[in-house]
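Here is a friendly tour of two contact surfaces. Please have the viewer open as you read along.

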Amino acid sequence: MRTTDSLRTTYGETLVELGKDNKDIVLLEADLGNSTMSKLFAAEYPDRYFQMGIAEQNMASVSAGLSLTGKVPFMNSFAVFASGRAYDQIRSSITIANLNVKICGSSAGLSDYGDGKTHQSIDDIALMQVLPHMTVLSPCDAVETEKMVKAMVEQKGPMYIRINRNDLPIVTNPDEEYHIGKMTQMVDGKDVVIFATGVMVQQSMEAAKILGKEGISARVVNVSTIKPLDTKALEAYAEGMKGVVTAEEHNVIGGLGSAVCSALSKKRVPIEILGVGDRFGTSAENYSILLKHYGLEAEDVAKKVRSVLAYK
Amino acid sequence: MNYSQELVKELQLKAIQVRANILEMIPPGKVGHLGGSSSIADVMAALYFHTMKVNKDDPKDPARDRLIMSKGHAVLVQYACLVELGYFDRSELGKVKTFKGLLQGHPDMDKTPGIEAVTGSLGQGLSVSLGVALGLTLDKSENHVYTILGDGELAEGQVWEAVMASSVYKASNLTAIVDWNGVQATSTTAEIFPIENLVEKWKAFGWNVIEIDGHDMVQILGALDAAKAYKEGPTVIMAHTVKGKCFPFAEGKAKYHNAAMSEEEYKIAWQCIADMRKEVEA
């Protein structure tokens with residue numbers, strides 16, 4: 001049972017819960033366990049916890065090897081290192097072989113605000129979704145994180161989950177059934193649809209309120225599985241809309257926006273992509289400063305909606 | 001340990017058959033990794049036909065030992081062994097690296113029975129092997145994991161990450177074998193990227209190191225048994241080998257790292273096989 005609004009703590013606690021009965025779950029860590037919260041699993045099941053030191057490439061290939069013996073390895077690091085530092089190991093050792101390895105990219109996006117551009121992942125979705133076989137997951141709150149981690153264990157195949165470092169308001173419904181691939185309508189609307197992922201779901205829901213006051217009816221859809229993208233659901237949610245906006249805490253190249261544009265390329269509907277632009281992050285004393293600086297606040301989403309509605 | 005003359009002779013003949021199978025895969029004009037496949041052929045014959053627990057009827061038998069070719073480009077030598085176990089039809093040898101064949105240019109566990117992992121991007125096989133070894137240990141399995149590394153491959157930093165981690169986890173069910181032939185893709189290792197004091201390096205990283213002549217069957221068998229018997233941690237067998245071994249036109253030459261033989265060379269190669277057979281049988 002979830003005890004917190006923290007996505008990463010929920011991630012760790014859910015693995016502890018699952019690990020009780022499922023002895024095949026093993027965790028690998030590259031010395032960031034206090035942040036990724038893999039330390040919770042380490043405390044309960046030390047025999048199934050592999051501290052690999054600060055060596056992400058080896059960790060990724062060792063995960064591949066463990067999966068070859070039927071284990072369900074979750075490898076943990078910050079999103080930048082989990083995806084980028086070990087990219088070729090993920091590509092070659094894990095995804096070409098279509099192995100059942102789960103990769104946790106923690107402190108994703110700009111959420112590790114103090115550490116700056118080297119530690120902020122604006123490219124992990126792009127790197128992971130371009131790999132055949134790979135599933136790419138991006139939960140927006142702790143409730144969704146819990147369901148997602150359970151689904152990751154139930155479903156075979158390589159998967160990447162990007163997890164925000166900060167507590168985020170709970171917006172998804174604990175009682176709603178979840179499966180990987182599902183996208184969920186958070187707010188209904190009839191003028192424009194906003195496809196959002198991660199922290200941008202909450203920002204987009206706020207945007208819908210702002211727009212409502214202006215007489216603009218915005219639908220908000222939480223796209224927490226970026227790959228495989230449910231294109232039928234995407235088309236259905238976009239049907240009859242005057243415009244589409246995508247919102248993500250990621251480079252505007254290669255992320256959710258790119259995936260949505262590809263999926264809707266045959267539809268005659270204008271699309272605006274909101275993201276961090278094509279630029280790296282920077283240090284700040286809190287997360288809000290970065291969301292404001294990179295144009296990821298509710299008002300920024302609202303602006304994109306107005307902009308897409310102005311298309312002729 | 002003493003090994004009977006019969007066993008040694010049998011394995012020497014197997015090693016010759018393995019080299020013959022390699023030739024069958026790359027007739028004149030067909031490019032293939034002849035050099036690095038034939039340098040490790042004797043070790044591979046000892047592993048597959050004596051040391052390793054393998055099940056001819058089931059390549060996926062859970063109670064099997066595992067072999068992972070970290071130097072995946074030399075997979076021809078692994079195919080040459082697997083066909084002898086009957087894991088696929090001999091007709092596949094002629095179709096290596098073709099669209100319809102089972103035998104890919106680099107090891108592919110989905111396509112080829114008996115291949116344990118995907119390798120080819122160098123430097124990853126030892127890490128994958130460590131993962132398998134850790135998994136087997138969790139399962140309380142007695143099975144052993146073997147990894148074949150190239151000496152040129154040792155320039156990959158990940159190899160040393162895996163070397164350190166294997167030592168941290170005292171993975172005594174893991175044995176690495178370095179095909180120390182001194183020649184890499186474009187020239188000698190001495191010229192391209194000399195890594196000094198290799199034996200001392202492995203020792204310093206906490207490994208049990210055994211240095212052998214990688215073409216001497218008795219030494220190979222002795223090293224493999226010693227590696228299995230060593231329970232304090234992982235063992236590496238540093239096997240001094242000759243790239244292109246047994247084919248005089250190719251021995252020690254980088255050109256045959258990945259090349260096609262001429263008609264003339266191919267004839268010579270088969271003559272070498274015939275001569276070696278005669279010699280061993282005598």
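Domain bounds here come from an automatic or database domain assignment. For chain A, that assignment gives domain 1 (7-162) and domain 2 (183-307). This is a predicted model, in which local features need pLDDT of at least 70, side-chain atom pairs count only at pLDDT 80 or more, and totals for chains, interfaces and linings use all residues. Residues are numbered from 1 along each chain as its sequence is written, chains are lettered from A and ligands numbered from 1 in the order in which they are written, and side-chain values use heavy atoms, with hydrogens and water left out.

**Between the domains of chain A**

The C-alpha centres of domain 1 and domain 2 of chain A are 25 Å apart. Their contact (heavy atoms within 4.5 Å) draws 31 residues from domain 1 of chain A and 32 residues from domain 2 of chain A. On the domain 1 side, A:L110, A:Y113 and A:I122 lose the most area to domain 2 of chain A, together 31% of what that side buries.

Helices (H or I, at least four residues) and strands (E, at least two) are DSSP runs, numbered from the N terminus. By that scheme, α7 (124-129), β5 (135-137) and α8 (142-154) of chain A each give two or more residues to the domain 1 side touching domain 2. The largest share of that side, 4 residues, comes from α7(A).

**Between chain B and chain A**

Here 22 residues of chain B are in contact with 26 residues of chain A. In chain B, B:V118, B:L138 and B:E161 lose the most area to chain A, together 27% of what that side buries.

A salt bridge is a side-chain nitrogen of Lys or Arg within 4 Å of a carboxyl oxygen of Asp or Glu. The interface of chain B and chain A has 1 salt bridge; B:D139 forms a salt bridge with A:K71, with the closest N and O atoms 2.5 Å apart. Between domain 1 and domain 2 of chain A, the count is 0 salt bridges.

On the chain B side touching chain A, α5 (125-138) and α6 (157-168) of chain B each give two or more residues. The largest share, 9 residues, comes from α5(B).

**Buried area**

Buried area is the accessible area (1.4 Å probe) that two parts lose on being put together, summed over both.

| Pair | Buried area | Carbon and sulfur share |
|---|---|---|
| Domain 1 and domain 2 of chain A | about 2,200 Å² | 55% |
| Chain B and chain A | about 1,900 Å² | 60% |
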